[in-house]
Amino acid sequence: MFGSSQRGANAYAKVGLETGVVAASPHKLIVMLFDGALAAVRAAAVHMTARDIEKKGLAISKAINIVQNGLRASLDKKAGGQIAESLDSLYEYICNRLVSANLTNQPAMLDEVITLLADLKSAWESIGDGAAPANVGAAPRPSAYDSLAPRIASFVTAG
């Protein structure tokens, strides 16, 4: 009558995830991308062991998508300099290893990717949100007229 409880739980989890993404700092978003990539690669390893080719392929595709369109796309090579360039190369290597693992069914390649992603995530977490500039929480100063900015109303009262 009302659908399965699993579908309701999935919808609830999706809302929770979306809310977490909206409320997350940029630093936390990167951590969430690492979590998603790790979960996808671990799922691919399980499916590879079970010889479930379709699910393995889907999980590896998801991991590649997260690394390519999330982690790699978020790099700012101008601001990040050599570190960003190195991370870009490492993310490319990770994606290549995932493709190779998918084609050759070698769990050791997935284990290598899991180790790399876990190490990167750990390093990112150790940086913490404290790496943000000191004025991140401060309200921006208006540089020009902003029609949506709150204004102190001046009321004229009748005498």
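Reader: Among contacts in the protein between residues at least 6 apart in sequence, what percentage join residues at least 24 apart?
Author: This is a predicted model, where local features need pLDDT of at least 70, side-chain atom pairs count only at pLDDT 80 or more, and totals for chains, interfaces and linings use all residues. Residues are numbered from 1 along each chain as its sequence is written, and side-chain values use heavy atoms, with hydrogens and water left out. Contact means heavy atoms within 4.5 Å. Of the contacts between residues at least 6 apart in sequence, the share that joins residues at least 24 apart is 61%.

Reader: How many helices and strands are there in the protein?
Author: Helices (H or I, at least four residues) and strands (E, at least two) are DSSP runs, numbered from the N terminus. From that end, the elements run α-α-α-α-α. The count is five helices and zero strands.

Reader: What percentage of the residues in the protein is buried?
Author: Buried means under 20% relative accessible area, exposed over 50%, and partly exposed in between (1.4 Å probe, protein chains only). The protein has 159 residues. The buried share is 23%.

Reader: What covers the buried residues of H2?
Author: The buried residues of H2 include Ile30, Val31, Phe34, Ala37, Leu38 and Val41. Residues three or four places apart in an α-helix point the same way, because there are 3.6 residues a turn. The cover over the buried residues of H2 includes H3 (53–72), H4 and H5.

Reader: Is H2 roughly parallel or antiparallel to H5?
Author: The axes of H2 and H5 (residues 107–127) come within 10 Å and cross at roughly 165°. Axes are lines fitted to C-alpha atoms, over the stretch in contact for helices, and angles run from 0 to 180 degrees between N-to-C directions. Under 35 degrees is roughly parallel, over 145 roughly antiparallel, 65 to 115 roughly perpendicular, and the rest oblique. The crossing angle therefore makes H2, relative to H5, roughly antiparallel.

Reader: How do the residues of the contact of H2 with H5 divide by class?
Author: H2 supplies residues including Phe34, Leu38 and Val41, and H5 supplies residues including Leu117, Lys121 and Trp124. Ala, Val, Leu, Ile, Met, Phe, Trp, Tyr, Cys and Pro count as nonpolar, Asp, Glu, Lys and Arg as charged, and the others, Gly among them, as polar. The contact of H2 with H5 divides into 18 nonpolar, one polar and four charged.

Reader: Is Lys121 buried or exposed?
Author: Lys121 lies in helix H5. Not counting residues up to four places away in sequence, Lys121 touches Val31, Phe34, Asp35 and Leu38. With a relative accessible area of 17%, Lys121 is buried.

Reader: At roughly what angle do the axes of H4 and H5 cross?
Author: H4 covers residues 77–104, and its axis comes within 9 Å of that of H5. These two helices are roughly antiparallel to each other. Their axes cross at roughly 155°.

Reader: Which residues is Tyr93 in contact with, leaving aside its neighbours within four places in sequence?
Author: Tyr93 sits in helix H4. At 35% relative accessibility, Tyr93 counts as partly exposed. Its C-alpha is 9.2 Å from that of Val113, 20 residues apart in sequence. Beyond its sequence neighbours within four places, Tyr93 contacts Glu112 and Leu116.
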